[in-house]
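Please describe how the two chains of this model are built and where they meet, giving the cut-offs behind each term.

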Amino acid sequence: MSEPGVGIELSHVTKLYAGQQQAAVEDFSLSVDPGELVMFVGPSGCGKTTTMKMINRIIEPSSGSITIDGQDVLSLDPNELRRHIGYVIQQIGLFPHMTIAENIATVPKLLGWSRERTNNRVDELLRTVQLDPAVFAHRYPKQLSGGQQQRVGVARALAADPPVMLMDEPFGATDPITRQKLQAEFLKLQADIGKTIIFVTHDFDEAVRLGDRIAVLGERSRIEQFDTPANILANPANDYVSSFIGHGAGLMRLALIPISDVELDAPDATAPAVDADSSLRDALDLLMVTGAERVNVSGGEGSLTHARISAALNKARHPVEAS
Amino acid sequence: MSGSLDVFLARRWEDLVMLTLQHLAVVALSLAIATVLGVLIGLLVWDRNVPRTAALTAAGIAITIPSLALLALLSPVLGLGWAPTVVSLVFYSLLPIVRNTVVGLREVPAHLVESARGMGMTPVKTLLSIQLPLAWPVIVTGIRVAAQLTVGIAAIAAYVAGPGLGLYIFKGLSSLGSANALNFALTGTICVVLLALLIDGAFVLIARYSTSRGLRV
């Protein structure tokens, strides 16, 4: 019943603040496919958040055009536009004087939904983000943990089933364990709802874990590279991108390759077993921890050695030539 | 020789109750007017530097005018009784109410306002359903300070024939040496203090029940 995502097109978008010599965002053009999760990743102050906020006109662009589903956002009433774009910010921004249910009902109320429709939607969303409505609907934000508040933040953004979501470092303020959990839940949720999402982060690991495509941004929001995580890790466009990836690119890439993509040796029942739907990184991890020669892929289809893993990584190194 | 207090009270308690109620009424009326006016001024100036500084400075200077002097200035224009009393009480109440409205609104975290605007709330709706409720505990504190201030100043308004307990205090003052001078001054003063304590207690309850449970500490 959820509305699928729509395309977003930014074309020659520039933001120049009054009284400043240099643009905060300069000539930014990017096209996001319907249902795609695009990560904007870059250092603090590079203009990634400014770029995102121009899409819902929290910040007005100085020039250029932005369309959502072919419609020019600058021609729409900003309040009406924002009611159809989910918005999640790092501080979450739950209203402390309202209950969880009232918070989630914010946009439905603005859209004039009936009480019954709103209440049903609130219950549905709370269950979607794994919070029991009977327990949480009438609590206040301060009574929830950081992770629970962040789930409510996502539920509130989804309330009116917007085709597009903008997320500004939504998991940035949570501890690493909670963050990983929220990321995993979020990926599962996105697999169901297929929204078009622009997700801003300064954490490259997070970008790799979540993104369908990553836009690596430099100063003034210049696009240094825009590609899938695997392609960026395998073939960074320039030194800037390489330095942003940092160390451990090989391990990050292994995490992106499922075991099912790799040619296997004959099964070896005596070797330690790794789950068939895990990644090459998990397989390598097991090899290191056990010190074994090879690991058996459970299900009995075959086994993996260091050499196999290494070969798979190098085969993926030149995806363009290979195809 | 002074008359005994119990005889004095027995003879005048009805009078005293009426004066106390008058005192309460003039304070309540003035606070109601000052709250509407003060919050309105606060809303108009809080996010603009020059008007805000101007309003707070003007209110700050205004409050330094001695109350007796203000009454003396108002009386030729407004006559005697309720009118100059209410006007002067509103005048003194404005500073704490405007100041706390401004402070309360400025303390609302910017990300909450951005969050509201980002979901498509209009500026007016954001002000009324997010900013004002969040600033409310601070605004109520301002009204409470104004209440304390005006209970005391209202007593002085008896000088221009204003309503309330000031009548007894001035009676005592003007009949120094007579049998009941001390009784008048003492009962007037004690009732003002008791009324102030009572009103302060009422504000603890008002603040509690007019603030969202999610904001209570």
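## The hairpin region of chain A

In chain A, strand E4 and strand E5 (residues 71-72) pair in the antiparallel sense over two bridges, where strands are DSSP runs of E of at least two residues and helices are runs of H or I of at least four, both numbered from the N terminus, and where two strands pair if DSSP finds at least two bridges between them. Within this pairing, A:Ile68 has A:Gln71 of E5(A) as its bridge partner, and in the hairpin of E4(A) and E5(A), with two residues between the strands, A:Asp69 takes a positive phi near 50°.

The model is a predicted one, in which local features need pLDDT of at least 70 and side-chain atom pairs count only at pLDDT 80 or more, whereas totals for chains, interfaces and linings use all residues. Residues are numbered from 1 along each chain as its sequence is written, while chains are lettered from A and ligands numbered from 1 in the order in which they are written.

## Two open sheets in chain A

Six strands of chain A form an open sheet in the order E6-E7-E8-E3-E9-E10, with mixed pairing. Its edge strands are E6(A) (85-88) and E10(A) (223-227), each of which pairs on one side only, and neighbouring strands of this sheet are turned by 15° against each other on average, direction ignored; here axes are lines fitted to C-alpha atoms, for helices over the stretch in contact, and angles run from 0 to 180 degrees between N-to-C directions. Inside the sheet, strand E7 (residues 164-168) and strand E8 (residues 196-201) of chain A run parallel and are joined by five bridges, with A:Met165 standing opposite A:Ile197 in E8(A). Helix H1 (residues 48-55) of chain A lies across E3(A) (37-41), E7(A), E8(A) and E9(A) (213-217), running at about 155° to E8(A).

A three-strand open sheet of chain A has the order E11-E12-E13, again with mixed pairing, and its edge strands, E11(A) (273-274) and E13(A) (302-305), each pair on one side only. Strand E12 (residues 294-297) of chain A pairs with E13(A) in the antiparallel sense over four bridges, and A:Asn296 stands opposite A:Ser303 in E13(A).

## The annotated domain of chain A

UniProt, in an unreviewed entry, places the feature "domain: ABC transporter" at residues 8-245 of chain A; its positions are given in the numbering used here, feature names are shortened, and annotations may be inferred rather than shown by experiment. Over residues 8-245 of chain A the chain is 39% helix and 23% strand, and the end C-alpha atoms are 26 Å apart.

## The helices of chain B

Chain B has eight helices and zero strands, and its C-alpha trace spans about 75 × 40 × 20 Å along the principal axes. For "transmembrane region", an unreviewed UniProt entry lists residues 20-46, 53-74, 80-98, 134-161 and 181-206 of chain B. Residues 53-74 of chain B are 82% helix and 0% strand, with end C-alpha atoms 26 Å apart, and residues 80-98 of chain B are 89% helix and 0% strand, with end C-alpha atoms 28 Å apart.

How do H1(B) and H6(B) cross? The axes of helix H1 (residues 5-45) and helix H6 (residues 123-156) of chain B come within 10 Å and cross at roughly 140°. That makes H1(B) oblique to H6(B), because angles under 35 degrees count as roughly parallel, over 145 as roughly antiparallel, 65 to 115 as roughly perpendicular and the rest as oblique. The contact involves residues including B:His23, B:Val26 and B:Leu31 of H1(B) and B:Ile139, B:Ile143 and B:Val151 of H6(B), two residues being in contact if their C-beta atoms, placed from the backbone, lie within 7 Å. By class, this contact has eleven nonpolar, four polar and no charged residues, where Ala, Val, Leu, Ile, Met, Phe, Trp, Tyr, Cys and Pro count as nonpolar, Asp, Glu, Lys and Arg as charged, and the others, Gly among them, as polar.

## Where the chains meet

Between the chains, 17 residues of chain B are in contact with 20 residues of chain A. Helix H5 (110-118) and H6 of chain B each supply at least two residues of the side of chain B that touches chain A, and H5(B) gives the most to that side, with six residues. By class, the side of chain B that touches chain A has seven nonpolar, seven polar and three charged residues.
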